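Here is a short report for a first look. Keep the sequence and the 3D view open while reading.

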Amino acid sequence: MNFIKPATTFIQPFAVSFNLVEGIMLNPKSHLVRRAGDMKGHYRDHEALAALIAAGNPTHYEVFETPVPHEYGHLMYCISKLHPGLVGEEWFMTKGHYHTAINTGEIYLALRGEGLMMMKTPDGQCRHERFEPGRMVYVPPYWGHRSINTGREPLISFCVYPGDAGHNYGDIEKEGFPRRAFCRNGATVVE
Ligand SMILES: [Fe+2]
């Protein structure tokens, strides 16, 4: 075969296995764990977060990946497991990020649990979509995104995004999200 020298690294096909109930990848190359102590500054109730950290610093979420080259043309993918819980009245959530290449989107397919995908743009637009098993959320280019678990069991989702997208956590840390999800009298309130 005649190949023009590719701008995208050529690799061999492969397959990975998941446990969709547990929300884990079998034999992942990378397993990111974020605990309550990694979430400072993200929740409204700083004292409730400090109490949670003092009471055992529980796991907030886990992300399993088998990375492919971080290049245009490749597709990154992961399975994430966001544990259930509250910081004061606020549901457990991920830090959230923009993509470093901000003109790249992402697909999230919810597999288990219930929650919200909160999305915002740098100019302050904010929208959210509901997560439930079998429901896919399309995060368009330019939208920062954060998952929120509004249920009593882990929120498990599978995501796919461009290999050259990258993660920009810093701008979201500075800006925050205009809206949050709280549990009040057993119901989820977004405000
Ligand atoms: Fe993303």
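## Arg 44 and its surroundings

Leaving aside its neighbours within four places in sequence, which residues is Arg 44 in contact with? They are Glu 90 and Arg 180. The model is a predicted one.

Arg 44 is found in the loop between strand 3 (30-35) and helix 1 (46-54). Pro 133 is 89 residues away from Arg 44 in sequence. In space, the two are 28 Å apart, C-alpha to C-alpha.

Three strands form an open sheet, with antiparallel pairing and the order 10-9-12. Strand 10 (126-131) and strand 12 (144-149) are the edge strands, and each pairs on one side only. From one strand to the next, the twist averages 20°.

Strand 9 (residues 115-120) pairs with strand 12 over six bridges, in the antiparallel sense. Leu 116 stands opposite Ile 148 in strand 12.

## Two nonpolar cores

The largest nonpolar core has 27 residues. Those with the most contacts inside it are Tyr 108, Leu 116, Met 117, Phe 131, Val 139 and Ile 148. Strands that each supply at least two residues of this core include strand 4 (59-65), strand 8 (106-112) and strand 9.

Phe 131 deserves a look of its own. Not counting residues up to four places away in sequence, Phe 131 touches Leu 116, Met 117 and Val 137, among others.

Terms used. Residues numbered from 1 in each chain as written. Predicted model: local features only at pLDDT ≥ 70, side-chain atom pairs only at ≥ 80, totals over all residues. Helix = DSSP H or I, 4+ residues; strand = E, 2+ residues; numbered from the N terminus. Contact = placed C-beta atoms within 7 Å. Pairing = 2+ DSSP bridges. Axes fitted to C-alpha atoms, helices over the stretch in contact; angles between N-to-C directions. Core = buried A, V, L, I, M, F, W, Y, C linked by C-beta atoms within 7 Å. Buried ≥ 20, exposed ≤ 12 C-beta atoms within 10 Å, placed from the backbone.
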